[in-house]
Structures are given as C-alpha cells and as structure tokens.
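The following note sets out several points on the model shown below.

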Amino acid sequence: MFERAGRGNRAVILHPVFSGTGPEVLDEFQELCRSAGVEIAAVLTAPRDRPDARFFVGKGKIEQVAEQVSATGADLVLVSCPLSAIQERNIEKSCQCRVLDRTTLILDIFALRARSHEGKLQVELAQLRHISTRLVRGWTHLERQKGGIGLRGPGETQLETDRRLIGQRIQYLKSRLEKVRRQRVQSRRRRDRAQVFTVALVGYTNAGKSTLFNALTDADVGTENMQFATLDPTVRQMPNVPTGNVLLVDTVGFVGNLPHELITAFHATLQETREADLLLHVIDAADHFHQQREQDVESVLESVDASDIPIIRVFNKIDLTDRTPSSQVNEKGDLVRIDISALRGTGLEELKDSIALRLKGERIRTWISLEGRFAKLRSQLFDLGAVAEEKIADDGQWLIHVDLSQQDAEHLGRLPGDDGALVRESILLADRHSET
C-alpha cells in the first residue's frame, strides 16, 4: 500500500490509441482536464491493438508513466479510457499515485459544477454507482472486523460494510430523485394545460448553448469557454414570440461515449429534452471534428428516446470561420439548418422566426365576428397572439382576423358553452391558410 496524496492537480496523461482513433479524442480529454483544473505535466500515448487485461496498456508503457510521475512530481495519472477496478489498482501500485480514468474525471467535473439540489443528488448517485465497483481497491489490506470482548462485529469485512452502506445511500438518492421526477411531470402537465411550448437546446459540450440561450431569452446565464460550464438545466421564457408562451431550456452538454452512470443518473434532467416540442441542436461550426460530435449527440438523443422530436441544426460560432452564413429548408419549407453567431447576433432573427413557424404548425387564418358576450374568448385570442387585426363593426361587434395554429384552435374548441361552439363553427370549419 502507499499513501495517496490528499490533494493535488498536477497530472500525467496516458492516452491509449486504437485503430480508428483520431486526434480529437486526445484534444477533448485535455479539455476535460482543463475544465477540472488539472495542470498537465506530461502526455504519453500508447498505440494498442486491444486493451491489456492487467494494465490496459503494456507493462513497458506503465514503467514510462511511473518515470514521468517521479520526474515531474505529478500527483495523479489520468487515463483517457474507462478502466476496470483491477486495472486502476495495478497502475496505482506501479506509479505509486492516484489513478483516474475518463469516467471518474467527468464525474469529478460534474461534482464541481453542480449547484442545484437536484444536480447534486444526481452527481452523488452517479459517483456512488461508480465507486461501488471499486471498493476492493481501497480495502484489500483489511481482514474481518476486529473480534474480542467489546469488539465483536457481525462478521462482515470492511468491504461488505461499506458496500451495504453505499447501497442504502443509493436507495435513498433514488427515492429523492423519483420525487423530483414526479414534480417535473406535474410541471409539464401544467405547461400542457396552459398551452406552453418547450424548446430545448442540445449539443456537444462547449458548443455555445448558453451563449445562444442568453441571446434568445435576454438572460444572463454564466458562460465559460470550457467543457460542462453548464450542468444544471435552466429554463427561461422567450420574449416576443407570436406563438404565445415558449420556454427555452438550456441543458447539459453531451460528450462522446457518455458514461452509462451519467445517462442513468441524469434521467430526470434528460426527460426535459425528451418532452420538448422542438430541439435546437447547437453545433460548433469552428470545430474541425463537428461531424463526429453531431453523431455523438444523436446517439445520446436516441438513447433517451428523443430522436423523433423535430430538430433544427444550428451551426454556431460562424464568426470564427470563413464560410458565408446560410440556411436550409426541407420540402415543407421548414428550417432544418442555419448558420449563426450567438455572440455577434448573426442569424438570430431568422432563427427566432423559424422557431415560431415550427411551433405554430398548420395555420388557420380567417375573420370572425364576436358579440360583447364573447369578451373572454377575445381575451384568450389576444393571449395566444392570434389576433392579426381587429375592427369594430357598425353594430358594435368585434371583427377579428385570427391567425392561429390548428392545435390552439382545437384547444379553444373544447371550451365549455357558447365560446367553444363559436370556435368550432367559425374557426375550425374555416379553410386553412385562407382568408374568408
């Protein structure tokens, strides 16, 4: 055994390279290290055909890592691939310092960024699930609990005791997160009843989602040029959207090969993505590897059953490239891709208009006549932003040119009494996309 450093952020990076592994993998891992506050002392690469069962890489490469640790005074070794518990323990024995793999590093960054109560619960659950598979490495030197008068225990090893305590804590965290999930379901039901649309920002970490979020909502969410600057989801209302109430959700960024523990623990947060009416997939246009990043995000969306939600691909940071801003629509005329600069404001107005059009759906445009007793219905039409023009007839009735979605019209048609009947007769029976 050896005495692990209680703290320290100076590290030697070990990067195994397999066939088909590009340089972007190492670049991303170094960015993850920077986000965690790591000072990189040295970087060693290790070409491999397949992982070694004992060290993941060869014994000779581990000896080189140990030499670099000794020469640079590093406090830990960071491995860019997930390791098994036995591989971590063997590398620690050889290098005489702490060893963290990619999954543990990401969990550490999440623990550093978590601010909300829910976020802290989710991070702790993910950490405990990950640590529970590695308890053996910390307690191999312990035998059965001490015997003797006054010291006889239940016969458990220290490992068994810790595993039992961790299991109890995991069950407690699951129950707390289930309560959060029920609260989110209730909130979504209230939004559905109030006809509130939800647009979620998704994308690779550090693609500029929070900057775009601030630009679209006039908010002041913190933005930093680092991985996982945003962890807890933030919700704000988008102002001046003709569809009515639209909520924009800023979600945690994705990474390639997102650890299973994180997908499971962040189920409640990712639920917001799955329940959205529209997704904005924010892509860093200045990233040379953005095509691979897109595929990674799409894989995560598929894993949380969100791949069927309408999506607009938003290529951000266009100001850092030499390409001319452009956009693309599908056969229905819906925007499917657009180039923007959230920081400079380029393309934002077109994006806002396209969001409104995608949320509106099939439109009904027609004139209706309302008597004074329909004042409540008139007020609801204004609240929905469905009144394009209004006139007063000679007999005092309101002549209103409505422009609203089929979904909003059907919702108003379910109103009780004469209000709902009037909508069904005057609006739902009107020809869509026509004026009468």
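A residue is called buried when its relative accessible area is under 20%, exposed when that area is over 50%, and partly exposed in between, with a 1.4 Å probe and protein chains only. The model is predicted, so local features need pLDDT of at least 70 and side-chain atom pairs count only at pLDDT 80 or more, whereas totals for chains, interfaces and linings use all residues. Residues are numbered from 1 along each chain as its sequence is written, and side-chain values use heavy atoms, with hydrogens and water left out.

1. Overall composition. The chain has 15 helices and 14 strands; these are DSSP runs numbered from the N terminus, with helices being H or I of at least four residues and strands being E of at least two. Of the 436 residues in the chain, 48% are buried. Contact means heavy atoms within 4.5 Å. Among contacts between residues at least 6 apart in sequence, 67% join residues at least 24 apart.

2. Helix 1 and helix 4. Two packed helices are described by the angle between their axes and the distance between the axes. Here, axes are lines fitted to C-alpha atoms, for helices over the stretch in contact, and angles run from 0 to 180 degrees between N-to-C directions. Helix 1 (residues 23-35) packs against helix 4 (residues 102-113) at about 35°, and their axes are 10 Å apart. The crossing is left-handed, a term used if the near helix is turned anticlockwise from the far one by less than a right angle; clockwise gives right-handed. In helix 1, Glu28, Phe29, Leu32, Cys33 and Ser35 meet residues of helix 4 that include Leu105, Ile106 and Ile109.

3. Leucine 32. This residue belongs to helix 1 and is buried because its relative accessibility is 0%. Its C-alpha atom is separated by 8.0 Å from that of isoleucine 109, which is 77 residues away along the chain.

4. Helix 2 and helix 3. The axes of helix 2 (residues 59-72) and helix 3 (residues 85-95) come within 9 Å and cross at roughly 50°. Helix 2 and helix 3 are therefore oblique to each other, since angles under 35 degrees count as roughly parallel, over 145 as roughly antiparallel, 65 to 115 as roughly perpendicular and the rest as oblique. Their crossing is right-handed. Ile62, Val65, Ala66 and Val69 in helix 2 meet Ile91, Ser94 and Cys95 in helix 3.

5. Cysteines. With a disulfide taken as a pair of cysteine sulfur atoms within 2.5 Å, the count is 0 disulfides. Cysteine 95 is in no disulfide, and the nearest cysteine sulfur, that of cysteine 97, lies 5.3 Å away. Cysteine 95 is buried at 5% relative accessibility, and cysteine 33 is buried at 0%.

6. Helix 5. This helix (residues 117-131) has 15 residues and reaches 21 Å from its first C-alpha to its last, close to the 21 Å expected at 1.5 Å a residue; the expected span is 1.5 Å times one less than the number of residues. Its buried residues include Leu121, Leu125 and Leu128.

7. Positive phi values. Most residues other than glycine have a negative phi. Glutamine 96, however, has a phi near 55°; this residue lies in the loop between helix 3 and strand 4 (98-100) and is partly exposed at 45%. Asparagine 206 has a positive phi of about 70°. Asparagine 206 is placed in the loop between strand 5 (197-203) and helix 8 (209-217), and is partly exposed at 23% relative accessibility.
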